[in-house]
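Have the viewer open and follow along.

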Amino acid sequence: MFARLTEDISTVFARDPAAKSKWEVLFCYAGVKALFSHRLAHRLYKNGHYFLARWLSSRCKKKTGIEIHPGATIGRRVFIDHGSGVVIGETCEIGDDVTIYQGVTLGGTGKDHGKRHPTIGNGVIVGAGAKVLGPIEIGQNVKIGAGAVVLKPVPEGCTVVGNPGRIVRRADGSRPTLDHANLPDPMLERMQQLYERLVELETALRRHACEAGCETCGQDAASCPLNHICNPKTEP
């Protein structure tokens, strides 16, 4: 138990440049406290002490603002940064080396019994305010952008942005980084492509108008796409 706590502290130093000392991390980082409390509650839950487990998790929620159901399975070297508003459901499974930011919900949909929460693979980064809902699987080294709402499975090595979440594949297959400011936006890229296509079509129409006699060209001599003075056709 305490060996895992030492590992949690080392994980914070590896991923948070704001950490200054081990004592600061131990007593001031809500994510470290929540994970330590969850391990105790999870052990009680597995041994059938459901009330004690829920009482301990509820007490931790009041102290840290992080709600982790004692039935959730959490791997090693998980880092919950800031943590306020984080909710992790009962049947959620989280792998190793996962980073979770504030406001994240790993929740279920509906009132079905059994597996109803997501499975998060190793090396995943879940951005601030993201929601991952339902019994879906998030592959390894996936990056979920801030505010994304993920309702479908995500393959390994992808980035998800938007609401609803849209998948953007990374060709190099590298592990995700913490740079949330440079997430791709496929919808914005598509809109830019449509805008460029519209400009091309307008230019083609103006060129055709000039070649046809400029009655509907609407261009003056200086802006004519054919670079000559327009001479409208005259009726015979």
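Lys115 is partly exposed, at a relative accessible area of 36%, where buried means under 20%, exposed over 50% and partly exposed in between (1.4 Å probe, protein chains only). Its salt-bridge partner is Glu93, with 3.4 Å between the closest N and O atoms; the term stands for a side-chain nitrogen of Lys or Arg within 4 Å of a carboxyl oxygen of Asp or Glu. Glu93 is partly exposed too, at 37% relative accessibility. This pair links distant parts of the chain: Lys115 sits in the loop between strand S7 (105-107) and strand S8 (119-120), Glu93 in strand S5, and they are 22 residues apart. Helices here are DSSP runs of H or I with at least four residues, strands are runs of E with at least two, and both are numbered from the N terminus.

A word on what you're looking at: this is a predicted model, where local features need pLDDT of at least 70 and side-chain atom pairs count only at pLDDT 80 or more, while totals for chains, interfaces and linings use all residues. Residues are numbered from 1 along each chain as its sequence is written, and side-chain values use heavy atoms, leaving out hydrogens and water.

The salt-bridge count comes to ten. Three of them are set out here.

| Pair | Closest N to O distance |
|---|---|
| Lys115 and Glu93 | 3.4 Å |
| Arg15 and Asp97 | 3.7 Å |

What about burial for the Arg39 and Asp8 pair? Arg39 is buried, with a relative accessible area of 13%, and Asp8 is buried at 2%.

Arg15 lies in H1 and Asp97 in the loop between strand S5 (93-94) and strand S6 (99-100), so the pair ties together parts 82 residues apart in sequence. Asp97 is partly exposed, at 22%. Salt bridges that share partners also bring Arg15 and Asp97 into one network with Arg4, Glu7, Arg76 and Arg77.

H3 has 17 residues and reaches 24 Å from first C-alpha to last, close to the expected 24 Å (1.5 Å times one less than its number of residues). Its buried residues include Val32, Leu35, His38, Arg39 and His42. The buried residues of H3 pack against H1, helix H2 (22-28), H4, strand S1 (67-68), strand S2 (73-74) and strand S3 (79-80). After H3 comes Gly48, with a positive phi near 85°.

Which elements give two or more residues to the lining of the largest pocket? The space in the largest pocket is about 240 Å³, and its lining includes Leu5, Val32, Phe36, Arg59 and Lys63. The elements in question are H3 (30-46) and helix H4 (50-64). A pocket here is an open set of points on a 1 Å grid over the protein atoms alone where a 1.4 Å probe fits, with protein on both sides within 12 Å along at least five of seven lines; lining residues have an atom within 4 Å of a point. By class, the lining has seven nonpolar, two polar and three charged residues.

Zooming out, the protein chain has five helices and 15 strands, and buried residues make up 39% of its 236 residues.

Methods:
Grid points are joined across faces, edges and corners, and a volume is the space filled by probe spheres set on the points. Ala, Val, Leu, Ile, Met, Phe, Trp, Tyr, Cys and Pro count as nonpolar, Asp, Glu, Lys and Arg as charged, and the others, Gly among them, as polar. Contact means heavy atoms within 4.5 Å.
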